[in-house]
Amino acid sequence: MSIIFNQVHKQMPKLNSLNYKDSYDLIYPNDKSKEGLVVTSVILEYGGGKSTFAYRTYPYMARSMFQVKKSYKDLKKNKQVGKKIVTLKDFELIKNYAQLLGVMHFGVAKVEKEMIFSNHAVLYDQAIVFSLEMDKVAIEKAPHKDAGHEVEKSYYKLGKIVNKVANYMRSLGYRVQASPPDGGDVNFVTLAKAANLGEIGNIGILISKVVGPRQRLAAIFTDASVSELDVNSKEDYSWINDFCIKCQQCVRTCPSQAIFENASKDNLDKRIDYKKCALPYGTTQGCSICIKVCPFSIHGYDRIKKGFFKSKSI
Ligand code: SF4
Ligand code: SF4
């Protein structure tokens with residue numbers, strides 16, 4: 001099965017290797033950009049391949065890859081000229097449609113070159129960022145087949161959603177590129193932080209006000225400006241860095257010591273060793289212990305924040 005998936009992955013298109021570059025001005029990464037990893041590929045390469053319930057998750061992995069392929073294929077539906085500004089009225093329509101499909105949290109941001117993976121490129125640098133909640137009950141069982149199943153299902157579901165919303169935006173007159181969560185073109189965590197959806201926690205994933213680290217992220221890029229939309233949260237999440245330095249619960253409970261202690265808040269490279277993570281992740285098809293044990297998952301953002309500032313004032 002792994003061999004088949006690796007072959008499928010090798011066939012996956014990337015924008016910078018397609019002939020789209022002949023007709024569009026691609027935006028390329030810069031020398032600060034990091035290589036983009038596809039979760040499915042990392043798991044297949046380093047994950048041990050011993051999952052006893054892969055029959056439940058492999059179909060979702062395959063469907064996720066299909067959604068990546070579709071996101072590139074649908075680019076041909078873009079018109080020659082599109083709207084140049086995302087209006088608040090259209091943003092509300094887009095948001096309502098995405099909410100109907102299950103998205104819970106939105107923000108807008110500019111894609112900076114260093115966010116683009118060094119082995120990718122994007123068509124447009126204005127982004128709407130989407131976050132999809134993963135089921136609480138399933139993640140609380142981690143490491144368990146239900147948690148793993150929920151992780152892979154969420155990747156697939158959000159990929160399908162951004163492709164649908166992208167086509168909806170096209171029908172409203174925008175030129176867009178959907179970027180599904182697995183195999184996406186940019187670092188969604190830094191993009192989501194720029195959209196003020198939350199702060200990057202010690203685990204290297206976004207901690208949001210809504211569900212802490214229990215979410216998946218994706219985006220839609222457009223050439224229509226989003227900078228005039230005053231829709232981002234005004235919450236100041238910067239205190240989470242100090243909280244993480246004191247907490248370190250994810251570091252202590254990770255079964256493969258994959259999470260770096262006191263990870264630098266500016267350097268994602270030093271937060272997690274993906275090769276070490278891949279083994280428990282692969283053998284349980286999604287591990288997620290670090291998400292489960294994070295106090296933001298257990299107690300919720302508001303309670304943690306209240307306790308943190310109370311302890312500082314004593
Ligand atoms: S998913 Fe599991 S193995 Fe990977 S970092 Fe989290 S706790 Fe560690
Ligand atoms: S478990 Fe603690 S250190 Fe790790 S991300 Fe959550 S709050 Fe931060």
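Hi everyone. Let me begin with a term: a residue counts as near a molecule if its C-beta atom, placed from the backbone, lies within 6 Å of it. With that in hand, please look at the structure above, which is a predicted model.

I'll start with the ligand. Around ligand 1 there are 13 residues, and those that come nearest are Cys254, Cys277, Cys287, Ile289 and Cys290. Which helices supply at least two residues each to this shell? They are α10, covering 274-283, and α11, covering 289-293. Of everything in the shell, α10 gives the most, with 3 residues. By class, the shell around ligand 1 holds 11 nonpolar residues and 2 polar ones, with no charged residues.

Now to a pair of helices elsewhere in the chain. Two packed helices are described by the angle between their axes and the distance between the axes. For α4, residues 88-101, and α6, residues 145-171, the angle is about 150 degrees and the axes are 10 Å apart. Angles over 145 degrees count as roughly antiparallel, and α4 and α6 are therefore roughly antiparallel to each other. The crossing of α4 past α6 is right-handed. On the α4 side, Ile94, Tyr97, Ala98 and Leu101 make the contact, while α6 brings Ile161, Lys164, Val165, Tyr168 and Met169. Sorted by class, this contact has 8 nonpolar residues, 1 charged and no polar.

Finally, the chain as a whole. The chain has 13 helices and 6 strands. How much of the chain is buried? Of its 314 residues, 45% are buried.

Methods
Residues are numbered from 1 along each chain as its sequence is written. Chains are lettered from A and ligands numbered from 1 in the order in which they are written. This is a predicted model: local features need pLDDT of at least 70, side-chain atom pairs count only at pLDDT 80 or more; totals for chains, interfaces and linings use all residues. Helices (H or I, at least four residues) and strands (E, at least two) are DSSP runs, numbered from the N terminus. Ala, Val, Leu, Ile, Met, Phe, Trp, Tyr, Cys and Pro count as nonpolar, Asp, Glu, Lys and Arg as charged, and the others, Gly among them, as polar. Axes are lines fitted to C-alpha atoms, for helices over the stretch in contact, and angles run from 0 to 180 degrees between N-to-C directions. Angles under 35 degrees count as roughly parallel, over 145 as roughly antiparallel, 65 to 115 as roughly perpendicular and the rest as oblique. A crossing is left-handed if the near helix is turned anticlockwise from the far one by less than a right angle, and right-handed if clockwise. Two residues are in contact if their C-beta atoms, placed from the backbone, lie within 7 Å. A residue is buried if 20 or more other C-beta atoms lie within 10 Å of its own, exposed if 12 or fewer, and partly exposed in between; C-beta atoms are placed from the backbone.
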